[in-house]
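Please read it alongside the sequence and the coordinates.

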Amino acid sequence: TAVGSTSAAAATEGATNVSVVTSTVAGTSTGATTTNVAATTTAAAPIRMPSNTVMTILDEIVSETRATLESALDRDALAAGAAGDAPPTRSLIQALDAPGPFRVIAEFKRKSPSGGEIRPGSTPQEVVSAYETAGAAAISCLTNQTYFGGTLEDLKAVKASVEIPVLRKDFVVDRRQLLEARGAGADAVLLIAECLPGQALDDL
């Protein structure tokens, strides 16, 4: 599930051959029954952040992402070239549909805006290899550098270290980022609907 009022887009495979994961917010789903996350928390009271605070942070990150894209004049050509040379994707949908009691997408993230660094000194290779050995169905890799410390080089390292599908997790607002993801080895890309109003989500 996604956080706050965010959701991810439906799974598609277009010209870039990048699958996109889907998930809806506000609760956890089992069959036809949806249960609010707060209601399932028994160990401690849930921590609630005002929705306007969450959106302020999201808006800030998206604004920074757009500015970075606009400043990279040659990014489009480089991204297209890298995507064209990429090998076939590994199916995230098949990995999540495989038999088993549960299927986990494990995440490599260097830091977070609220929590700071996570496991300083660790490498993508050692972390995601442990995830795969433990039975993860797929790997999610944060590539936003300013707020999460991630890079496309992390994504490349993750892809080279595992045999399971790899998802690029970032604030994707432009087709060039899909091409970059494909070129760096991503098998899937997260699209945050809150960042893609109107036709933007369908276009990607």
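Asp154 is buried, with a relative accessible area of 6%; buried means under 20% relative accessible area, exposed means over 50%, and partly exposed lies in between (1.4 Å probe, protein chains only). Its side chain meets that of Arg110 in a salt bridge, at 2.8 Å from N to O. Asp154 lies in helix α6 and Arg110 in the loop between β4 and β5 (111-112), so the pair ties together parts that are 44 residues apart in sequence. Arg110 is partly exposed, at a relative accessible area of 29%.

The model is predicted: local features need pLDDT of at least 70 and side-chain atom pairs count only at pLDDT 80 or more, while totals for chains, interfaces and linings use all residues. Residues are numbered from 1 along each chain as its sequence is written, and side-chain values use heavy atoms, with hydrogens and water left out.

**Helix α6**

- Helices (H or I, at least four residues) and strands (E, at least two) are DSSP runs, numbered from the N terminus.
- Helix α6 covers residues 152-161, and its buried residues are Asp154, Leu155, Ala157, Val158 and Lys159.
- The cover over the buried residues of α6 includes β4 (105-108), α4 (124-133), β7 (138-142), β8 (166-169) and α7 (175-183).
- At the start of α6, a side-chain oxygen of Thr151 comes to within 3.2 Å of the backbone nitrogen of Glu153.

- β4 pairs with β7 in the parallel sense over 4 bridges; two strands pair if DSSP finds at least two bridges between them.

**Salt bridges**

- The structure holds 9 salt bridges, each defined as a side-chain nitrogen of Lys or Arg within 4 Å of a carboxyl oxygen of Asp or Glu.
- Glu107 forms one of them with Lys169, where the closest N and O atoms are 2.9 Å apart.
- This pair links distant parts of the chain, with Glu107 in strand β4 and Lys169 in strand β8, 62 residues apart.
- Both partners are partly exposed: Glu107 has a relative accessible area of 24%, and Lys169 has one of 27%.
- Glu107 and Lys169 also belong to a network of salt bridges that includes Lys109.
- Another salt bridge joins the side chains of Arg119 and Glu126, at 3.8 Å from N to O.
- Arg119 counts as exposed at 52% relative accessibility, whereas Glu126 is partly exposed at 41%.

**Ser112**

- Ser112 is placed in strand β5 and counts as buried, at 14% relative accessibility.
- Leaving out residues up to four places away in sequence, Ser112 touches Tyr147 and Phe148, where contact means heavy atoms within 4.5 Å.

**Cysteines**

- The structure holds 0 disulfides, a disulfide being a pair of cysteine sulfur atoms within 2.5 Å.
- Cys195 counts as buried, at 6% relative accessibility.

Terms used: A polar contact is a pair of N or O atoms within 3.5 Å; within protein, one must be able to donate a hydrogen and the other to accept it, and residues adjacent in sequence count only if both atoms are side-chain atoms.
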